[in-house]
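Reader: I'd like to learn how to read salt bridges in a model. Can you walk me through it?

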Amino acid sequence: MTSCVLLLRGALVLGTALGLFATQAWAFGLDDVALRASKLAASPYQKPAGTLPKSVKALTYDQYRDIRFRPDRALWRNAKLPFEIMFFHPGWFHEDTVVIHEVWAEGVRDIPFDPDLFDYGRNKIDREELAGLGYAGFRVHFPVNTPTYKDEVLVFLGASYFRGLGRGQRFGLSARALAIDTAENGGEEFPRFVEFWIERPPPTAKELSIYALLDSPRAAGAYRFVLRPGATTALDVEARLFLRKNVAKLGLAPLTSMFFFGANQRSAREDYRPRVHDSEGLSIQASEKNWIWRPLVNPKRLLVTSFALTNPRGFGLMQRYDLRPSAWVELKGHWGPGRIELVQIPVPDETHDNIVAYWVPDWQPRPKDVLPYSYRLLWQKDRDVRPPMGWVSETRRGRGFVKAADGSVELHVDFEGPTLNRMPPGSTVDVVLSVDGNGEVRAQRALRNEATGGWRLTVRVRRVDGNKPVELWAHLNRGKEVLTETWSYILPPE
């Protein structure tokens, strides 16, 4: 085993393969990891060694799934702490391993790879080849659904990806620490976490702190995650980012999801499912009362759109039904001017994540400068962040019935929410609709939806140039009162 690296009170201390255990309580924090990140950024990038044994590297998807962590060997299981940690075995797509440490009252200790922690199922693997291998990642368990069972609430696995769950939720979309040059012609760079430090929690803990070191050819970073599981699971993220080289586009607080088809875009082939997606729309709170909702699509070619804002309140990829969570990014402090960018990639099936959303600052650091930022990430279902007024509950798209085909497309947008529910019978609403120069509105109307108590907006629009998209914006008013968030829609090219 190679020597481990221990960061204690900001100093770089080298330990032997057996690890060093201090004789007194040691302080450890983000400053320690930031020191490592700044040194990484000031030195040439080192590619991962990629030293997996052939027997592990050749595992198929089903063979890899047959390797399972033994729950009775979870970190802190015997100590009966509220949180437990289980680890992922490398293999299949997860070839790069990470270094994992535990931070406790007596210092920092390594958590070395141990093949005895896994049940290998039907796989025939020589365990002597696995010595010093390293873990692919880890997952955090905590009882959110019942006090008698520790549920999986947070996972770190692959590059800088992580996923969280709240009460009653099932895994769906993912978050990332950093996105570099997403959808750029030169190709995207995927930074990866290379090292983690997990703080041992006290017996009555309701939160867990995790530190991570990020590395990539053009960036290095230090991250602190504070996990608070619950009905809505919160993850506070504090980061310090250092660039090795300039990048074309820096994406902060990125979210990654999947949209194959749904109510606003039906399947192109026969499918018994009415919708297949982990998220159905991008929600943005631009200011206290300015909310935007953009339904997602699976375009026929790459579609990149953005919203220029200054100090927005937050944004998220939301799932307004089902058990898959929404992920809401609540920005802390002043992020200044920039844009929330939405990337939508064409995919042939639901096995691909094709949706990415992130914040792009107008200013980005020069190489070796530090960019500090922080935000809160909420994994939620029943308590979705929603506007205080009305919101879009559904968008439907199709040609409908017309006596003469004119190439137009009809869009039905259902709005619901408190401002609409309290309107007296017989009330009317004003439709505020705008369409870009490539769209020609053939008809529009708004009617009360007696089934929901909300209102339905119907717009029939025709593309002037079928090879170009059409952008539409709409919300409902009553006089000067804004009743709903703004529905923002991209009708892709034919």
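Author: Here is a short tour of the salt bridges. This is a predicted model, where local features need pLDDT of at least 70, side-chain atom pairs count only at pLDDT 80 or more, and totals for chains, interfaces and linings use all residues. Residues are numbered from 1 along each chain as its sequence is written, and side-chain values use heavy atoms, with hydrogens and water left out.

Reader: What counts as a salt bridge?

Author: Side chains of opposite charge can pair when their charged atoms come close. The rule here asks for a side-chain nitrogen of Lys or Arg within 4 Å of a carboxyl oxygen of Asp or Glu. That gives 38 salt bridges.

Reader: Which residue pairs with Asp236?

Author: Lys332, with the closest N and O atoms 3.0 Å apart. Asp236 sits in strand 16 (residues 233-243) and Lys332 in strand 24 (residues 326-332), so this bridge ties together parts 96 residues apart in sequence. Strands (E, at least two residues) are DSSP runs numbered from the N terminus.

Reader: Is Asp236 buried or exposed?

Author: Buried means under 20% relative accessible area, exposed over 50%, partly exposed in between (1.4 Å probe, protein chains only). Asp236 is buried at 9%, while Lys332 is partly exposed at 30%.

Reader: How about Glu485 and Arg320?

Author: Their side chains meet in a salt bridge at 3.3 Å, N to O. Glu485 is buried, at 1%, and Arg320 is buried too, at 13%.

Reader: And Asp369 with Arg366?

Author: They form a salt bridge at 3.2 Å, N to O. Asp369 is partly exposed at 25%, and Arg366 is exposed at 60%.

Definitions and conventions. Helices (H or I, at least four residues) and strands (E, at least two) are DSSP runs, numbered from the N terminus.
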